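Let's take a walk through a protein model together, one piece at a time. Keep the picture beside you as you read.

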Amino acid sequence: MQKHLRLQDFQDYDRFTRANIINSLSGFKSASLIGTVNEQGQTNLAIFSNIVHIGADPALVGFINRPLEAAPHTLSNIQETGSYTINHISAAIFPQAHQSSAKYPADISEFDATGLTPLFREGIRAPFVAESLVQYSLELQQIIPIELNGTFFVIGAIQDIFYPEEIQEEDGFLALEKAGSLCSLGTSAYYETKRLGKLAYAKADSARK
Ligand SMILES: Cc1cc2nc3c(=O)[nH]c(=O)nc-3n(C[C@H](O)[C@H](O)[C@H](O)COP(=O)(O)O)c2cc1C
């Protein structure tokens with residue numbers, strides 16, 4: 001039987017149940033680890049799934065950061081240094097990646113707490129995650145506060161991209177399933193992916209025959 005939840009119904013749920021329902025609705029997401037460092041050199045790592053492609057030229061990616069009281073460190077480090085990395089998560093590291101969402105104090109690095117390895121590269125301020133197979137660095141472009149709920153939309157320009165060359169197809173496409181990049185649903189479930197097909201660019205005159 002189909003269930004119908006009205007606004008009043010889900011508003012009446014406790015906050016955790018409501019969050020679990022609402023977080024599921026926008027669907028499967030890429031889940032990645034964002035690596036940052038502050039001015040004092042203290043590293044930080046946190047898992048984020050609300051990451052979106054904004055445009056390819058210039059190459060811009062955005063993510064949603066929760067209100068500062070809930071998730072302060074990634075955002076303040078990005079504001080301080082302008083630099084951050086996004087690192088895909090594979091099956092081998094998903095429990096550690098998940099653990100990075102715990103509320104650690106500012107002086108504890110989630111790299112130490114989770115056992116993931118920070119990887120610093122020449123000319124890039126923020127650390128990558130050494131265990132991650134697909135990694136890219138960004139320079140902060142804009143932080144847009146969303147007044148509706150105190151969240152922030154953080155936009156960065158992609159600078160450097162690292163991935164295993166065997167996952168790249170002739171047209172440039174990166175077959176992320178070959179790197180084992182996972183996706184997530186809500187804030188607790190993780191999935192592997194399987195490609196159903198890769199279709200040609202859709203044109204209006206090639207619709208239903
Ligand atoms: C699967 C998953 C996805 C998450 N996605 C986001 C997200 O997109 N944005 C966000 O602000 N927090 C997200 N979180 C919560 C952050 O990981 C958590 O608030 C973290 O403590 C932020 O750390 P920070 O203060 O070091 O930045 C997610 C957590 C999980 C488990």
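Which residue in E10 is the bridge partner of Gly-62? Look across to strand E10 and you'll find Ile-155 there. Before going on, bear in mind that this is a predicted model.

Strand E4 (51-56) runs antiparallel to E5, and 5 bridges join the two. To get from E4 to E5, the chain makes a hairpin through 2 residues. Pro-58 sits in that loop, and there's something to spot here: the peptide bond from Asp-57 to Pro-58 is cis, with omega near 0°. Why point that out? Because most peptide bonds are trans.

Now let's turn to the ligand. How many residues are around the ligand? There are 21, and those that come nearest are Ala-46, Asn-50, His-73, Thr-74 and Ser-101. By class, this shell is made up of 9 nonpolar, 10 polar and 2 charged residues. Strand E3 (43-48), strand E5 (59-65) and helix H3 (73-81) each supply at least two of the shell's residues. Which element gives the most to the shell? That's E3, with 4 residues.

Helix H3 deserves a stop of its own. His-73 and Thr-74, which are among the residues nearest the ligand, are also buried in H3. Leu-75, Asn-77 and Ile-78 of the helix are buried as well. So what lies over these buried residues of H3? The cover includes strands E2 (32-37), E3, E5, E6 (83-88), E9 (135-146) and E10 (151-162). Just after the helix comes Gly-82, with a positive phi of about 75°. As a rule, most residues other than glycine have a negative phi.

Last stop: a sheet made of 3 strands. It is open, its order is E1-E11-E12, and the pairing is antiparallel. Strands E1 (29-30) and E12 (189-191) stand at the edges with a single partner strand each, so one side of each has no neighbour in the sheet. E1 pairs with strand E11 (residues 183-185) over 2 bridges, in the antiparallel sense. To find the spot on your picture, look for Ser-30, which stands opposite Cys-183 in E11.

Technical notes: Residues are numbered from 1 along each chain as its sequence is written. This is a predicted model: local features need pLDDT of at least 70, side-chain atom pairs count only at pLDDT 80 or more; totals for chains, interfaces and linings use all residues. A residue is near a molecule or strand if its C-beta atom, placed from the backbone, lies within 6 Å of it. Ala, Val, Leu, Ile, Met, Phe, Trp, Tyr, Cys and Pro count as nonpolar, Asp, Glu, Lys and Arg as charged, and the others, Gly among them, as polar. Two strands pair if DSSP finds at least two bridges between them. A residue is buried if 20 or more other C-beta atoms lie within 10 Å of its own, exposed if 12 or fewer, and partly exposed in between; C-beta atoms are placed from the backbone. Two residues are in contact if their C-beta atoms, placed from the backbone, lie within 7 Å.
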